[in-house]
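Here's a quick tour of a protein model for you. Have the structure open while you read, and look up the residues as they come up.

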Amino acid sequence: MQRTILDNIAAIATAPGRGGIGVVRISGHGLTALAQAITGKAPAPRHATYASFLDSTGLVLDQGIALFFPAPHSYTGEDVLELQGHGGPAVLQAVLQRCVELGARLARPGEFTERAFLNNKLDLAQAESVADLIDATTTQAARSAMRSLQGDFSRAIHALVDELIRLRMLVEAMLDFPEEDVDAPDLTRRNRELSSVRDGLERVLTLAQQGSLLREGAHIVLVGQPNVGKSSLLNRLSGEEVALVSDIPGTTRDVIRQAIQLEGVPLHILDTAGLRESQDIVEQMGIARTRSAAEIADLILVLLDATQGMTAADRDILAALPPQIPRLFVFNKCDLMGADGKQEDTDHLYLSAKTGTGLDELRQRLLTLIGWHQEAGVFMARERHLRALKLARRHLAQAASEVARAELFAEELRLAQEALNSITGEFTADDLLGEIFSRFCIGK
């Protein structure tokens, strides 16, 4: 997929704001002349060179380290020059402007990594993992992103594609002979290889789904009547006082969002206004937002008062919740009735937000209900990857149903391979590339 790119690009590669060190990165072709113009010398390849960064009149803009990586041994596969100086916004902008004066243009978001992809330094899944590594909010997510960057995900996809290619070669060979001339061992081999690739795809999909959870997290909404302890539970889960707790019904008027992590999985907990009939306009607005939050939740925690049990008002709340969203019934205030928080029911749990009884059980239930389970070798995956894997799975299932019609069987195998290839970029529309790399930060 390597393409010839003639223009040079430049950007500040460090985060906005003040810092001890700031980096201006340039990528393109023939950067030796640019490096000599801005530093007054030709830096040795792959060596740190102390230099002054000069303006057009020879005045010093800054002093620091120049690093020069000649093509193709660089991040982008092109010549790359990094100017590492002081991290003040004004001085970094001055150095960047000097690069522009010397013929570079300002880089688009993600353009450095896009060039690495176009120059075959990274495949598409690896390129996306660069952004995922930067955006990772937990250590577990960062490790999974690094596995993808190192190629674990891509190797798994390539292994599936290789299996599919072997199966397609066998099927195409069988198409060249009349049906009565096809040997039974060939049919057995065909069925065995189809079963193998389907099993392999399920394993990869399972790991990708776990990686998607690490990347996106899960949205968990707390709903229930006023004063059942939603805000107290949020405070307990987050370990800090993020929500006001009061005996006065209707204290929570708006959705309060708090991010926590359990076993490295990011969870977005939403504490909502108590659901009840109210004449208060502001409280009505909060209740409307509660219902909207519930519509897009991955899991709903229905809080009830353990001392009251399921009441008619609780049943009205349940009737208004979206039926397709999984839910867990949490009976709070079990300390008032002597319960210990341990329950065998998979959709019921007793706890005390006041004392902490049952909180560990709740944490484990949350992970189970959102689909998390510890897997060795989890790699970061995006919704795009999951869609492609599920599409490939559908085509392989359809192939199994068309096994008696060789032409249709072969076509379904081709479509499955095409879906898998889109993950690593062997077959990718240009408009998709633009969408992916536009989400990167400038300088990457």
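This is a predicted model: local features need pLDDT of at least 70, side-chain atom pairs count only at pLDDT 80 or more; totals for chains, interfaces and linings use all residues.

Residues are numbered from 1 along each chain as its sequence is written, and side-chain values use heavy atoms, with hydrogens and water left out.

**Overall picture**

- The protein has 14 helices and twelve strands; helices (H or I, at least four residues) and strands (E, at least two) are DSSP runs, numbered from the N terminus.
- Of the 444 residues, 49% are buried; buried means under 20% relative accessible area, exposed over 50%, and partly exposed in between, using a 1.4 Å probe and protein chains only.
- If you take contacts between residues at least 6 apart in sequence, 66% of them join residues at least 24 apart; a contact means heavy atoms within 4.5 Å.

**Nonpolar cores**

- In soluble globular proteins, nonpolar side chains tend to be buried together.
- A nonpolar core is a set of buried Ala, Val, Leu, Ile, Met, Phe, Trp, Tyr and Cys residues joined through side-chain atoms within 4.5 Å.
- The largest one here has 63 residues, and Leu267, Leu301, Leu362 and Leu420 have the most contacts inside it.
- Helix α7 (residues 184-216) is the top contributor to this core, with nine residues.
- Why does this core lie between domain 2 and domain 3? Domain 2 (131-214 + 382-425) and domain 3 (217-370) both give residues to it, so it sits between them; the domain bounds come from an automatic or database domain assignment.
- Leaving aside neighbours within four places in sequence, Leu301 touches several residues, including Ile220, Val223, Leu328, Leu362 and Leu366.
- There's also a second, separate core of 19 residues, and Leu31, Leu34, Ala35 and Val95 are among them.

**Rings**

- The structure holds two aromatic pairs: rings of Phe, Tyr and Trp (its six-membered ring) pair if their centres lie within 6.5 Å, and planes under 30 degrees apart count as stacked, over 60 as edge-to-face and the rest as tilted.
- Phe153 and Phe379 are stacked, at 4.6 Å centre to centre with 20 degrees between the planes.
- Phe153 is in helix α6 (residues 152-175) and Phe379 is in the loop between α11 (359-369) and α12 (383-401), so this pair ties together parts 226 residues apart in sequence.
- Arg25 lies over the face of Tyr75, 5.9 Å from the ring centre; a charge sits over a ring if NZ of Lys or CZ of Arg is within 6 Å of the ring centre and within 35 degrees of the ring normal.
- The charged end of Arg190 sits over the ring of Phe409, 5.8 Å from its centre.

**Cysteines**

- How many disulfides are there? The count is zero, going by a cut-off of two cysteine sulfur atoms within 2.5 Å.
- Cys99 is buried at 0% relative accessibility, and Cys334 is buried at 0% as well.

**Glu82**

- Is Glu82 buried or exposed? Glu82 is buried, with a relative accessible area of 13%, and its place is in strand β5 (residues 79-87).
- Setting aside neighbours within four places in sequence, Glu82 is in contact with Val23, Val24, Arg25, Ile65, Ala66 and Leu67.
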